[in-house]
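Biologist: I am new to this structure and would like to be guided through it. Could we look at it together?

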Amino acid sequence: MQSNREPSERADVCVVGAGPAGGIVADKLASEGYDVVVLEAGPRFDDDEREQRMERSIRPAHGPHSVWEMGGERDAYASTGDRHYPLNAARVKGVGGSTLHWQGMVMRLHEQDFTLESETGVGTDWPVSYDDLRPYYADAEEELGVAGASDNPFAPPRKQPHPLPAFPPSYSDSLFAEACEAVGVTTHSVPNARLSESRNDRSACVGYGTCQPVCPSGAKYDATIHVEQAEQRGARVVDRAPVQRLEHDDAGERVTAAVYATPDGTEHRQEAREFVLAAGGVENPRLLLLSESEQYPDGLANSSGLVGRYFMDHLFAGAGGTLDEPTRQNHVGFNTTESHQFYDREDDSRGAIKLEFLNYAGPSPLEMALSGDDWGDAMLDRIRDGYGTHVAVGALVEQPPKKENQIRLHPERTDDHGNPVPDVVWSVDDQTRRTIKRANEIQHEILTELGADIQWTVGPDATGPAFHHMGTTRMGDNPETSVVDAQLRTHDLANLTIPSSSVFPTGGAMNPTLTIAALALKAANHVAERI
Amino acid sequence: MELTRRDVLAALGAAGAAGAVGAGALTLSQRDNTGNPVGDHEVATLVAVAGVVYPSEVEGVETFVREYSVARFADRPEYAAGVADAVAALDEYTRTWHDAAFVGLDANAREETLSGMEVDIADPVPEGDHRERVRYYLVNELLYALFSTPTGGELAGIENPQGHPGGTTSYQRGPQ
Ligand SMILES: Cc1cc2nc3c(=O)[nH]c(=O)nc-3n(C[C@H](O)[C@H](O)[C@H](O)COP(=O)(O)OP(=O)(O)OC[C@H]3O[C@@H](n4cnc5c(N)ncnc54)[C@H](O)[C@@H]3O)c2cc1C
Ligand code: SF4
């Protein structure tokens, strides 16, 4: 446990946030010999408590937020847009960040994602290309220990294989494969940030089946791995040290200090030569907005007025039902087959779709046992009746950047430190609704071919977010239309770097964290070049 | 289906008490001396409740519950206190209708008592009223233990249930 929460006397780099973005940057820079301090708002969780967290996640009575202790005044927020946004289901605060809870699917964006405006007129182009990121993607896969295969005909070009072999397909995948083939849909493996073989001192996946929200074995990657490695390499990590604001010099050109609070109620200033903002796609813009000053009356690094704007997530679309044969679900908590056939867009009529074939469709017997109003033989009959034949196809759907979707400061509500809480203003536009409908059509076609009795569909009205916070400090070459440049450095302040999905100018429909890791590795290089 | 020592270990793994498995060598009375609120009477009550809530196909219930209980509550004094309180609440309710504690009833009366207390329709709430705590600390405790074991899972058609580290081959296998 960290007892000394005083600032370091001399630091080359101060990193705000100990999720994968902050953890990877800290680890890289510490390995190169720089003095790194990481300030993390949440606690350091004890690894030995993971099984108890798993129990809390399975047993009814413990709300989903209790597993990683989210909620309360610290995490207060508002959601005032068309759509409610359940922010505290969508993140974790603590060493490891939201990867403690995440699912761990990790795929590269497609080449087209970087040039969407040029190709379809939607959104905007990235200031970097797939080729620019390609070596960082390969390194990121190495860092996260990705299990994957090169069998995906839709994936962008790659030179090396994934570091670990892919998890083989599930039994239900084989049922889907046949149906998909019949309707002309090509399926392939899923790259997973979980170990298919043991690696270093970490165990391979042992099949607890509770990956989301907690993997007791540690086979699922989470950012504690990088944070701990960074510490072994000399970095200092201060937990329960939420940064309240960033301060800058008189010229307004450099950040001089991160002001953070500690549990005893005192405030400290951590000075450093370079600052890395890695607090996630909601807290990044919030902290910049909270750091307003005379020079930056609308928020730090916000000359463009775009800090907090263009908030995006991926939307869930799905359908499922039952077959009249066993489907063997809920043995593991991750997926092994997807289809990226409907990813690239021909024009502006729809966004990207990523199809997922679930290995955990329908209820698990354990959950059914705990939540019924019967017991003994009646309960067993109910479980046998309800478990065993479910199937489901999910999808992630792209949402184009819209200026009106944003993270802003709430005018009245404040958190435990008296700071305005984030207000998530979120809506779903017509193109996204069309894309969700298209995903549903494909899902129904596959399920019908499979002979499923379709019992539920999540369409444009019932859809919800996938918990990928993007767009709120967008990257671009033009300081008037973006917040950071292609080196992930803010246009306004020369020593402030943001390696995060908050810099994504468009979001595609791939889970974002492999791209975050690639950007973190790139950002670490740029920071090292400067100091 | 017979619950075995392997199931005890599996249930303890799911309950985060795998490290306490060595304690299986300790007898319950030794545990009592260390001040564990879950003593002989509490374990006997858990066995009696399991007789009601476990499906009749399950065999070896008493040994399973006894061995599991020894290690399960050893390192969790607060949780153990919750179990002991729930047993006391169940006994109190039982005594309003019978001249005995819950363990003193026959099988039918046990079932009637739990139903009469409306534990079946109660939400499991650790800080709740009596029936909610009986549901959480006794009924759901026992069901969690059973259905996170391979034997419990197999009753329902899943040999690697949630909460059990049963490896990564079963998900690939078709129905046998
Ligand atoms: C349920 C769920 C499932 C997911 N599944 C996937 C998936 O399968 N694949 C995928 O790619 N992504 C997935 N994600 C998203 C993934 O978790 C995030 O993209 C990733 O964790 C973002 O990394 P980050 O480091 O930018 O932010 P985070 O991981 O959120 O870490 C940010 C850290 O900063 C800290 N912080 C915040 N504010 C401050 C402050 N003011 N001062 C100091 N510290 C601060 C926070 O406490 C936190 O620890 C999932 C997310 C959720 C919630
Ligand atoms: S199935 Fe998920 S929770 Fe279980 S060991 Fe594998 S990665 Fe971890």
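Predicted model: local features only at pLDDT ≥ 70, side-chain atom pairs only at ≥ 80, totals over all residues.

Biologist: Let us begin with the sheets. What is the strand order in the open sheet of five strands, and how is it paired?

Modeller: The order is β6-β2-β1-β10-β18 in chain A, and the pairing is parallel. The edge positions belong to β6 (236-238) and β18 (496-497) of chain A; each has a single partner strand, so one side of each is left without a neighbour in the sheet.

Biologist: How many bridges join β2 of chain A to β6(A)?

Modeller: Three bridges join strand β2 (residues 36-39) of chain A to β6(A), and the two run parallel. Leu39(A) has Val238(A) of β6(A) as its bridge partner.

Biologist: And what is the order in the open sheet of three strands?

Modeller: That sheet has the order β3-β16-β15 in chain A, with mixed pairing. Here β3 (78-79) and β15 (406-414) of chain A stand at the edges with a single partner strand each, so one side of each lacks a neighbour in the sheet.

Biologist: In which sense do β3(A) and β16 of chain A pair?

Modeller: They pair in the parallel sense over two bridges, with β16 of chain A spanning residues 420-425. Within this pairing, Ala78(A) stands opposite Asp423(A) in β16(A).

Biologist: Which helix lies across β15 and β16 of chain A?

Modeller: Helix α7 of chain A, residues 280-290, lies across both strands and runs at about 60° to β15(A).

Biologist: Now for β11 of chain A. Why is it described as largely enclosed?

Modeller: Seven of the eight residues of β11 (residues 315-322) of chain A are buried, so the strand is largely enclosed by the rest of the structure.

Biologist: Which strands are joined to β11(A)?

Modeller: Eight bridges join β11(A) to β14(A), and this pair runs antiparallel. Five bridges join β11(A) to strand β17 (residues 453-458) of chain A, also in an antiparallel arrangement. Gly321(A) stands opposite Val391(A) in β14(A), while Thr322(A) faces Asp453(A) in β17(A).

Biologist: Let us change topic to helix α9 of chain A. Which of its residues are buried?

Modeller: In helix α9 (residues 376-386) of chain A, the buried residues are Gly376(A), Met379(A), Leu380(A), Ile383(A) and Gly386(A). They cover an arc of only 135° around the axis, which puts them on the same side of α9(A).

Biologist: What about the other side of α9(A)?

Modeller: Asp381(A) and Asp385(A) are exposed there.

Biologist: What do the buried residues of α9(A) pack against?

Modeller: In chain A they pack against α8 (365-371) and β14 (390-397). In chain B they pack against α3 (40-53), α7 (130-147) and α8 (150-155). The helix α9(A) is followed by Gly388(A), whose phi is positive, near 120°.

Biologist: Next, the ligand. How many residues surround ligand 1, and which are the closest?

Modeller: Ligand 1 is surrounded by 37 residues, and the closest are Glu40(A), Ser98(A), Met105(A), Val243(A) and Thr513(A).

Biologist: Which backbone atoms lie beside its oxygen atoms?

Modeller: A polar backbone atom of Thr513(A) is 2.8 Å from an oxygen atom of ligand 1. A backbone N or O atom of Gly94(A) lies 3.0 Å from a ligand oxygen atom, and a polar backbone atom of Gly104(A) is likewise 3.0 Å from an oxygen atom of ligand 1.

Biologist: Where is Gln103(A), and is it buried or exposed?

Modeller: Gln103(A) lies in the loop between β3 and α3 (116-120) of chain A. Its relative accessibility is 8%, so Gln103(A) counts as buried. A polar atom of its side chain lies 2.9 Å from the backbone oxygen of Gly333(A). Gln103(A) also touches other residues, including Arg194(A), Lys220(A) and Tyr360(A).

Notes: Residues numbered from 1 in each chain as written. Chains lettered and ligands numbered in written order. Heavy atoms only, no water. Pairing = 2+ DSSP bridges. Helix = DSSP H or I, 4+ residues; strand = E, 2+ residues; numbered from the N terminus. Contact = heavy atoms within 4.5 Å. Axes fitted to C-alpha atoms, helices over the stretch in contact; angles between N-to-C directions. Buried < 20%, exposed > 50% of the residue type's maximum accessible area, 1.4 Å probe, protein only. Arc of directions from axis to C-beta. Near = heavy atom within 4 Å. Polar contact = N/O pair within 3.5 Å; in protein donor to acceptor, adjacent residues only side chain to side chain. Lists of a residue's contacts leave out its neighbours within four places in sequence.
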